[in-house]
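Let me put the thing up on the screen and then talk you through it.

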Amino acid sequence: MFTMKPIGYVKSPYSDTAQIPKGPGAKHEAEGTLEFLPEFEAGLKDIEGFSHLFVIWVFDRSQGFDLSAHPPTAKKPHGIFSTRSPRRPNPIGLTVVRVLQCAGPKVHVHGVDMLDGTPILDIKPYLSSIPDNQLKRGWMDTGG
Ligand SMILES: C[S@@+](CC[C@H](N)C(=O)[O-])C[C@H]1O[C@@H](n2cnc3c(N)ncnc32)[C@H](O)[C@@H]1O
């Protein structure tokens, strides 16, 4: 077993899941703030040099899981691990955000898709070396 504690929380404009754009083509244009606990602020040193970050977080308002999920834009159900459904065995979310501004323990970002108050487990610099023409996106590219 593992025990993890939040390093901070997301300040987001979304209080209800219905407000968050859904589906593979959904555009996440909302701005929000990653607010870190004071004891982790020193760990943010040099973060302003990165344009994008991976945010690893907890679906804290999701209950239980299914091994099959039917995303809103899909034609049929898919295995949970080929979806980004919140109802997964380990309810971990992963979002790429663009850094707008860093101010002490707060990082203002673009592209949040989490509810207000969502716990943050970790952040990491976004790095991708996979060229677009080598990326396959499974059912998301074939209409669901
Ligand atoms: C499809 S998931 C994708 C999240 C992330 N980009 C990922 O791939 O892991 C996004 C949905 O999770 C739900 N959600 C967001 N924050 C949540 C939270 N704190 N607890 C439970 N569900 C949440 C909302 O319904 C939102 O539309």
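Predicted model: local features only at pLDDT ≥ 70, side-chain atom pairs only at ≥ 80, totals over all residues.

Residues are numbered from 1 along each chain as its sequence is written.

So, the barrel. Six strands close up in the order β1-β2-β7-β6-β3-β8, with antiparallel pairing. Strands here are DSSP E runs of at least two residues, numbered from the N terminus, and two of them pair if DSSP finds at least two bridges between them. From one strand to the next the twist averages 45°, using lines fitted to C-alpha atoms and angles from 0 to 180 degrees between N-to-C directions. β1, residues 8-11, pairs with β2 over four bridges, and Gly8 has Phe36 as its bridge partner there.

Now the loops. Asp46 sits between β2 (31-36) and β3 (52-58). Its phi is near 80°, positive in a residue that isn't glycine. Is Asp46 buried or exposed? Exposed, because there are 9 other C-beta atoms within 10 Å; the cut-offs are 12 or fewer for exposed, 20 or more for buried, partly exposed in between, with C-beta atoms placed from the backbone.

Ser82, in the loop between β5 (78-79) and β6 (92-103), has 15 C-beta neighbours inside 10 Å, so it's partly exposed.

Last, the ligand: of the 16 residues around it, Thr17, Ile20, Arg61, Arg84 and Gly93 come nearest, where near means a C-beta, placed from the backbone, within 6 Å.
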